[in-house]
Amino acid sequence: PEQVFVADSLALLGDEQASTVIDGFAPLLPLEALLLRAELRAAQQRPADAAELLLTYFHQHRDNPWVWLSLSSRPLNLAARLGADPAIAARLLPVLLSPFAVQTDNELRLTTALALAAATGDPRLCVQALEPLEPHFPWHEEPLRLRLDCYAATGHPRLERARADLILDGTLKPGPDITLSDGSQRAWVTRSSPAATTGGCGTD
C-alpha cells in the first residue's frame with residue numbers, strides 16, 4: 001500500500017510521524033512494520049532500540065516468509081550497519097545463524113552473520129559463522145577477506161585455502177614464494193589494496 005512508501009520515507013528521515021503511519025498497516029504487514037520501525041529508530045540515533053526491533057523481525061522471519069521483495073534485504077543491511085558496535089553485533093549474531101523461512105536471502109544472511117562475528121572481535125565466533133559458508137564460499141572480496149583474517153587469527157586448517165582464494169580473487173598479491181592451499185611452498189602475501197586492510201578478527 002501507499003502507506004508503506006510514506007512510512008518508509010518518513011522513517012528514513014527520522015520523523016516520528018512514521019510511527020502513526022506504520023500503525024495503520026502493521027496488522028497486515030508485520031515484518032514491513034518492524035523493519036520500518038527499526039529504520040526509524042536508527043535514523044533517530046537510537047541504535048539499541050533499532051537492534052531490538054531487528055531481533056524481533058529476524059525471529060518472526062523464521063516462520064513468516066512474506067515480506068515485500070523490495071524490502072527483503074534491508075533488515076540485513078541495517079544489521080550490518082548497526083553491527084559496527086560490537087555489543088549490537090553480539091546481540092544480533094545468534095539469530096542470524098539460523099535460516100529464515102524458505103531460505104530467504106540465505107547467502108546475504110550468512111555473510112552478514114560473518115561480518116557481525118568479525119565485529120565482535122572474537123575469532124571463535126568468526127569461525128562459527130564461517131562454517132555454513134564452506135566449502136563453496138561466496139566469491140566476494142569482503143567475505144573472502146574476513147575469512148582469511150578469522151582463519152589466520154585461529155590457525156585454522158583452512159587458512160591456506162583462504163589465502164589462495166584471495167590471491168585468485170586478486171585482492172592479495174603474492175610475495176616471493178607463495179604458499180598455496182596444498183602447502184607446497186613457503187611464503188607470505190601482501191594485500192593489493194588499502195580497502196583490504198581494515199577490520200577482521202585479530203588480523204595477521
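In this tour, a residue is called buried under 20% relative accessible area, exposed over 50%, and partly exposed in between, with a 1.4 Å probe and protein chains only. The structure is a predicted model, in which local features need pLDDT of at least 70, side-chain atom pairs count only at pLDDT 80 or more, and totals for chains, interfaces and linings use all residues. Residues are numbered from 1 along each chain as its sequence is written, and side-chain values use heavy atoms, with hydrogens and water left out.

**First stop: helix 2**

Please select residues 17-25, which form helix 2. Helices (H or I, at least four residues) and strands (E, at least two) are DSSP runs, numbered from the N terminus. Within helix 2, the residues Ala18, Ser19, Val21, Ile22 and Phe25 are buried. Viewed down the helix axis, these buried residues fall within an arc of 165°, so they line one face of helix 2. The arc is taken from the directions that run from the helix axis to the C-beta atoms. Gln17 and Thr20, on the other side of helix 2, are exposed.

**Second stop: the loop between helix 6 and helix 7**

Select Val102, which is placed in the loop between helix 6 (86-96) and helix 7 (106-120). Its phi is near 50°, a positive value in a residue other than glycine. Val102 is exposed, with a relative accessible area of 67%.

Then move to Asp105, also found in the loop between helix 6 and helix 7. Asp105 is not a glycine, yet it has a positive phi of about 50°. At 25% relative accessibility, Asp105 counts as partly exposed. Most residues other than glycine have a negative phi, and most peptide bonds are trans.

Select Pro135, in the loop between helix 8 and helix 9. Glu134 and Pro135 are joined by a cis peptide bond, with omega about 0°.

**Last stop: the disulfide**

Which residues does the disulfide join? Select Cys126 and Cys150, whose sulfur atoms are 1.6 Å apart; a disulfide is a pair of cysteine sulfur atoms within 2.5 Å. Cys126 lies in helix 8 (residues 123-130) and Cys150 in helix 9 (residues 141-154), so the pair ties together parts that are 24 residues apart in sequence. Cys126 is buried, at a relative accessible area of 0%, and Cys150 is buried, at 0%. A search of the whole structure finds 1 disulfide.
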